Amino acid sequence: MLDEPEEFSLDEFIRQAIALEAERLFYSNGRLFLVDYDTLHGIIDGKFAIVELISYASFCEVGEFRNWILYYGNDDAVDYVDRIRDIRGDTTILPVIRTNDRFIRKIEEYISKGRYRSFSKTEKVESGIRREEKIELR
C-alpha cells in the first residue's frame, strides 16, 4: 500500500468517488471503500514477478449495507439507498458491492491499527448519523 487510507464524511467521500470516476464502491463491516490499485510486473532475480499495489484507498462509515449511492449533481446531495426511485438528468448512480476481498482486508488492517488520516469525525446518534467536518491527522 502506497499511503495510509483516508476517512471522509459520506458526502465528501461520494464527491471524491465521482471525481475519480469510480465505477463501484465496496462495503465491508459498516464502511464504504474506494480502492484504486495498479498491477506491476517485471523480472526479479531472473523470475517473472507480479505485484498488486494499492495506490489509493479511502473510506467512510455508513453502518448498514445498502445497494446504491445516488448523487444529485445540481443539488450536491447524496442518497445511500436500497432501491432507486428518483432519477434525474443530473443523477450519478454508483453500485455498492458487499465484499471481503484481500484489498479491503488490508485496508481494514490499517484502520484497526489507527493508521489512517481522518478528514471527518462521524458520531452515531439515536436518530441517525451526525457528521462534523474537521481534519484530524493520525
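**Rings, cores and confidence**

Modeller: Let's start with Tyr72: beyond its neighbours within four places in sequence, Tyr72 is in contact with Ala77, Asp79, Asp86, Arg88, Asp90 and Thr91, where contact means heavy atoms within 4.5 Å. The model is predicted, with local features needing pLDDT of at least 70 and side-chain atom pairs counting only at pLDDT 80 or more, while totals for chains, interfaces and linings use all residues. Numbering runs from 1 along each chain as its sequence is written, and side-chain values use heavy atoms, leaving out hydrogens and water.

Colleague: Good to know! Why is Tyr72 called buried?

Modeller: Its relative accessible area is 6%, and buried means under 20%, exposed over 50%, with partly exposed in between (1.4 Å probe, protein chains only). Tyr72 therefore counts as buried. Tyr72 sits in strand S5; helices (H or I, at least four residues) and strands (E, at least two) are DSSP runs, numbered from the N terminus. One of its contacts, Asp90, is 18 residues away in sequence and 5.6 Å away in space, C-alpha to C-alpha.

Colleague: And what makes Arg31 buried?

Modeller: Arg31 has 17% relative accessibility, which is under the 20% limit, so it counts as buried too. Arg31 lies in strand S3. Leaving aside neighbours within four places, its contacts include Phe59, Glu61, Glu108 and Ile111.

Colleague: Then why is the pair of Phe59 and Tyr116 called edge-to-face?

Modeller: The ring centres are 5.4 Å apart and the planes stand at 75°, over the 60-degree limit, so edge-to-face it is. This pair spans 57 residues, from Phe59 in S4 to Tyr116 in the loop between helix H2 (102–112) and strand S8 (117–125). Tyr116, at 9% relative accessibility, is buried. Ring pairs thus join Phe33, Phe59 and Tyr116 into a cluster.

Colleague: What lies over the face of Phe65?

Modeller: Arg98 does, at 4.1 Å from the ring centre. The test asks for NZ of Lys or CZ of Arg within 6 Å of the ring centre and within 35 degrees of the ring normal. Arg102 lies over Phe103 in this way too, at 4.7 Å.

Colleague: Which residues touch the most other members of the largest nonpolar core?

Modeller: Of its 19 residues, they are Leu10, Phe13, Ile14, Leu25, Leu32, Ile69 and Tyr80. Such a core is a set of buried Ala, Val, Leu, Ile, Met, Phe, Trp, Tyr and Cys residues joined through side-chain atoms within 4.5 Å. Helix H1 (10–19) is among the elements giving two or more residues to this core, and H1 gives the most, with four.

Colleague: What puts the buried residues of H1 on the same side?

Modeller: In H1, Leu10, Phe13, Ile14, Gln16 and Ala17 are buried. They span an arc of only 160° around the axis, taken from the directions from the axis to the C-beta atoms, so they share one side of H1.

Colleague: Just after H1 comes Glu21. Why is Glu21 called exposed?

Modeller: At 68%, its relative accessible area is over 50%, so Glu21 is exposed. Its phi is near 55°, a positive value in a residue other than glycine. Asn29, in the loop between S2 and S3, also has a positive phi, near 50°, and at 59% relative accessibility Asn29 counts as exposed.

Colleague: Which element has the lowest mean pLDDT?

Modeller: Strand S9 (residues 128–136), at 44, while S2 has the highest, at 97. pLDDT is the predictor's confidence in each residue, from 0 to 100. The chain averages 86, with 87% of residues scoring at least 70. Where pLDDT is low, the predicted coordinates should not be read in detail.

Methods: Phe/Tyr/Trp six-rings, centres within 6.5 Å; stacked < 30°, edge-to-face > 60°.
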